[in-house]
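Subject: Structure handover

Hello,

Here is the structure we talked about. Please open it next to this email and follow along.

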There are 2 protein chains.
Amino acid sequence: MISIKITNAYILTMNETFQIIEHGCICIENNIITYIGDELAVSHLEAHTVIDAQGNLVMPGLINGHTHAAMSIYKGMADDMPLKEWLEHHIFPTESEFCTKENVETGARLGIMEMIMSGTTCFADMYYFTPTIAEVCKQMGIRALLGQAVLDFKAPDFDTPVQAIEATKELINSTVQNSCVQIIPAPHSPYTCNAGILQQCRKLANEYNVPLHIHVSETIVEYNTSLATHNLTPVQYLNSLGMFDGKTIAAHCVYISDEDRNILAEKRVHVVNNPQSNMKLVSGISPVPLLLQANIPVCLGTDSSVSNNSLDMFQEMKVAALIHKLNQSDASVLPARDIVYMCTRGAAKVLGIDNKVGSIEVGKQADIILVNINQPHLVPLYSIYSHIVYAMQGHDVDTVIINGVIVYLQKQFQLVDPLETMIDAQMIANAIMLRKSEREQQQ
Amino acid sequence: MISIKITNAYILTMNETFQIIEHGCICIENNIITYIGDELAVSHLEAHTVIDAQGNLVMPGLINGHTHAAMSIYKGMADDMPLKEWLEHHIFPTESEFCTKENVETGARLGIMEMIMSGTTCFADMYYFTPTIAEVCKQMGIRALLGQAVLDFKAPDFDTPVQAIEATKELINSTVQNSCVQIIPAPHSPYTCNAGILQQCRKLANEYNVPLHIHVSETIVEYNTSLATHNLTPVQYLNSLGMFDGKTIAAHCVYISDEDRNILAEKRVHVVNNPQSNMKLVSGISPVPLLLQANIPVCLGTDSSVSNNSLDMFQEMKVAALIHKLNQSDASVLPARDIVYMCTRGAAKVLGIDNKVGSIEVGKQADIILVNINQPHLVPLYSIYSHIVYAMQGHDVDTVIINGVIVYLQKQFQLVDPLETMIDAQMIANAIMLRKSEREQQQ
């Protein structure tokens with residue numbers, strides 16, 4: 001018996017030929033897509049669950065290439081201020097006190113809810129307490145590549161980077177066979193990890209053939225400091241350490257010289273662009289169209305809820321399209337279909353999972369979303385790609401299937417109850433606000 | 001008896017002191033707010049309708065300062081191309097054939113639905129067939145300032161600009177006593193109207209003491225052509241004609257020199273910034289923070305669905321905050337509260353209706369929205385302004401009251417059925433696509 005049959009489906013496959021099937025049917029057996037095509041041909045097959053997709057677009061789930069999901073509990077805590085003040089006076093002091101295993105669990109749960117509701121079926125994360133986050137992912141049924149953060153200094157979960165790396169080794173090992181959640185090393189950045197630590201992380205990633213997740217050249221301060229310290233750009237410096245000799249997911253890449261671009265292309269580094277976070281923190285604009293021209297795989301990410309403050313990939317798609325057009329003074333840059341590719345099949349490529357997900361194709365794992373297009377702001381329909389990028393919003397998502405499991409159906413979570421998590425998150429925020437006002441009174 | 005009582009309300013008043021009432025009650029009698037405060041004090045008063053606002057934010061309706069609502073039927077028809085190609089090969093040819101009274105009615109209805117659903121209670125428009133649009137506004141219960149477009153050449157509704165101006169005079173006169181819908185003159189731009197036509201529009205606006213709505217200095221081409229033709233910038237040229245001697249709503253103002261800025265300030269010109277449209281068409285970035293510093297009232301607008309492609313003011317708020325921060329290299333520019341002001345009380349000032357709407361205050365007309373903040377992406381709550389600008393989306397709007405009438409309640413339209421309009425819009429789009437493919441075959 002088929003697990004799920006999706007009928008009356010307007011299917012955006014995002015396969016190699018960008019095929020669109022205006023009226024079709026999808027069959028899912030266990031976690032695999034086994035049929036896409038005419039409904040009549042499979043009308044004799046019974047299914048455990050039938051989803052009537054009438055009025056919906058059926059498309060691959062969106063992939064968020066770079067976030068810190070658990071930071072959702074800090075969303076809106078500190079806005080409209082420069083990065084240095086934001087980090088040093090708000091994020092770091094708060095994290096040092098409130099980034100506990102319990103709070104990370106609540107934050108991850110909250111962030112993942114937001115992602116699922118807005119059609120994200122897979123995300124690449126970087127944070128502390130990854131075993132806890134992995135557990136939440138499994139409970140909520142979302143696919144994830146969880147970067148265990150490693151820093152030179154004491155982190156919320158490990159006192160030293162060596163401890164963090166040793167633990168990461170075990171975590172990778174314990175998740176490497178898992179089809180949905182994989183823990184990977186995430187040395188925070190070239191300016192917060194020394195050369196030896198960076199290289200240990202690289203070695204570890206290569207040992208298990210997993211990607212390494214790292215922040216690269218996010219701000220002009222980082223770029224100039226790297227030049228002053230190493231006489232090398234951040235990209236050149238990382239390359240000189242052999243950090244790109246293996247699968248790499250490089251978040252941000254805002255300041256990229258022509259030579260940097262050649263290095264990224266030659267070393268097949270994968271890049272995640274986070275336009276809204278880069279704008280909000282005034283970091284700058286990544287030269288994404290130039291990176292793509294150089295055949296560097298680029299996908300989009302929201303970054304954390306503190307610097308965005310949303311995990312909605314539909315927003316990210318629109319802003320990416322707009323800012324790169326403006327930056328290149330060319331309205332034809334990054335047309336809508338390219339942007340959709342960057343958040344589906346292209347993003348799967350960036351994360352190294354395009355053999356498993358990123359498109360609706362027979363044999364792929366079923367990460368599929370249904371989006372209600374029968375609404376005034378999505379009518380009339382000329383181009384579905386245009387609507388996805390320029391007119392849709394996260395809330396248009398009706399149903400989410402991840403790895404063959406219906407995790408969200410007709411706007412209702414199937415595996416979790418959001419209420420308890422929302423109450424927990426507000427209690428943490430109340431404690432943070434109380435502590436903040438105490439600190440201010442002491443000063 | 002009270003018309004509407006809103007109880008358990010978390011009220012963002014946007015009044016002079018930016019007062020927030022965490023648990024209060026609002027009473028509306030006919031179209032006027034008559035009470036804001038403790039619920040106990042009015043518990044003895046009966047109301048025709050009681051709205052329990054538990055879990056919602058209650059705030060002033062959003063104001064869209066510049067749009068062309070009826071163009072909703074063209075949404076997604078032509079994207080990812082430069083302005084000239086977009087206008088000359090897609091918008092103008094399509095409008096010349098399809099901009100009929102009937103299609104404008106459908107387009108306006110569709111656009112207004114989208115606006116209401118996303119919390120917009122008032123908009124300033126510029127288009128053809130304004131009596132038809134006025135009728136739709138009345139049926140749907142939305143507040144509007146409808147600019148009757150005037151151009152040198154033949155328009156869809158009038159063969160000559162003189163005819164358009166004569167008709168506009170009657171239209172203004174017929175709506176000037178109406179509290180919710182006012183028709184005003186809208187000479188399209190300094191480059192599509194000759195000096196005499198511009199001045200006749202100015203005279204007409206002044207005769208009835210209504211604002212004039214005009215596109216000003218939207219692109220670098222317009223700016224440079226004006227310099228080449230008149231040896232004056234668009235702002236200087238309009239000023240030289242006396243066009244700013246009276247209430248003016250100037251849309252765009254992307255290219256503004258220091259002297260232009262002084263003129264706008266001195267002449268008390270009101271400005272509408274349309275960041276998403278300006279980015280999508282690669283027009284540029286208006287120097288909004290500098291305009292505000294010069295005490296020029298600025299509000300936000302979506303522009304049309306063809307150059308955006310959304311009428312959701314929440315999106316516009318976020319992108320405005322992000323792009324102006326980036327453009328000024330200062331993350332503290334346009335903090336969230338300023339952005340919310342620009343779409344409520346500040347926008348009412350720009351449109352000249354701040355004596356009537358823009359805030360929740362006793363004596364003002366009741367344009368109020370309820371937004372569901374009890375959702376994962378809006379939890380936890382540190383700052384309501386941050387959430388409105390950076391985390392909310394149009395779909396979070398639950399209920400909309402305009403001029404004391406509930407037009408949208410718990411996500412359901414109260415005065416119209418959206419289905420018929422959506423079907424009509426798709427039929428128009430089908431005809432447009434058919435005609436387009438015929439044209440392409442002929443070529």
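Below is what was found, topic by topic.

**Ground rules**

This is a predicted model: local features need pLDDT of at least 70, side-chain atom pairs count only at pLDDT 80 or more, and totals for chains, interfaces and linings use all residues. Residues are numbered from 1 along each chain as its sequence is written, while chains are lettered from A and ligands numbered from 1 in the order in which they are written.

Helices (H or I, at least four residues) and strands (E, at least two) are DSSP runs, numbered from the N terminus. Two strands pair if DSSP finds at least two bridges between them. Residues are in contact if their C-beta atoms, placed from the backbone, lie within 7 Å.

**Two sheets in chain B**

Start with the open sheet β6-β7-β8-β9 of chain B. Its four strands, in that order, pair in parallel. β6 (62-67) and β9 (181-187) of chain B are at the edges with a single partner strand each, so one side of each has no neighbour in the sheet. On average, neighbouring strands here are turned by 15° against each other, direction ignored. Axes are lines fitted to C-alpha atoms, for helices over the stretch in contact, and angles run from 0 to 180 degrees between N-to-C directions.

Four bridges link β6(B) to β7 (residues 120-127) of chain B, in the parallel sense. B:T67 sits opposite B:D125 of β7(B). Helix α4 (residues 161-175) of chain B packs on this sheet and touches β8 (143-150) and β9 of chain B. The direction of α4(B) makes about 160° with that of β9(B).

Chain B also has an open sheet of four strands in the order β10-β11-β12-β13, again with parallel pairing. Its edge strands are β10 (212-216) and β13 (298-300) of chain B, and each pairs on one side only. Neighbouring strands of this sheet are turned by 30° against each other on average, direction ignored. Strand β12 (residues 270-273) of chain B runs parallel to β13(B), joined by three bridges. B:N273 has B:L300 as its bridge partner in β13(B).

**Domains of chain A**

Chain A divides into domain 1 (2-60 + 359-413) and domain 2 (73-351); the bounds come from an automatic or database domain assignment. The C-alpha centres of the two domains of chain A lie 29 Å apart. Across the boundary, 24 residues of domain 1 of chain A are in contact with 25 residues of domain 2 of chain A.

Which elements of chain A each supply at least two residues of the domain 1 side? They are β14 (368-372), α14 (384-391), β15 (397-402) and β16 (405-409) of chain A. The largest share, five residues, comes from α14(A). By class, that side of domain 1 of chain A has 17 nonpolar, six polar and one charged residues. Ala, Val, Leu, Ile, Met, Phe, Trp, Tyr, Cys and Pro count as nonpolar, Asp, Glu, Lys and Arg as charged, and the others, Gly among them, as polar.

**Where the chains meet**

53 residues of chain B are in contact with 52 residues of chain A. On the chain B side, α2 (101-117), α9 (275-280), α11 (313-328), α14 (384-391) and α15 (418-442) of chain B give two or more residues. α15(B) gives the most, with seven residues. The chain B side divides into 31 nonpolar, 15 polar and seven charged residues.

Helix α1 (residues 83-98) of chain A has a kink of about 35° at A:I91, shortly before the proline A:P93. The bend at a residue is the angle between axes fitted to the seven residues ending there and the seven starting there. A:W86, A:I91 and A:T94 of α1(A) are buried, and their cover includes α15 (418-442) of chain A. A residue is buried if 20 or more other C-beta atoms lie within 10 Å of its own, exposed if 12 or fewer, and partly exposed in between; C-beta atoms are placed from the backbone.

The peptide bond from A:N308 to A:N309 is cis, with omega near 0°. Another cis bond joins A:V379 and A:P380, with omega about -5°.

B:K411 is not a glycine, yet has a positive phi of about 70°. B:K411 is exposed, with 12 other C-beta atoms within 10 Å.

Best wishes

Key: Contact = placed C-beta atoms within 7 Å.
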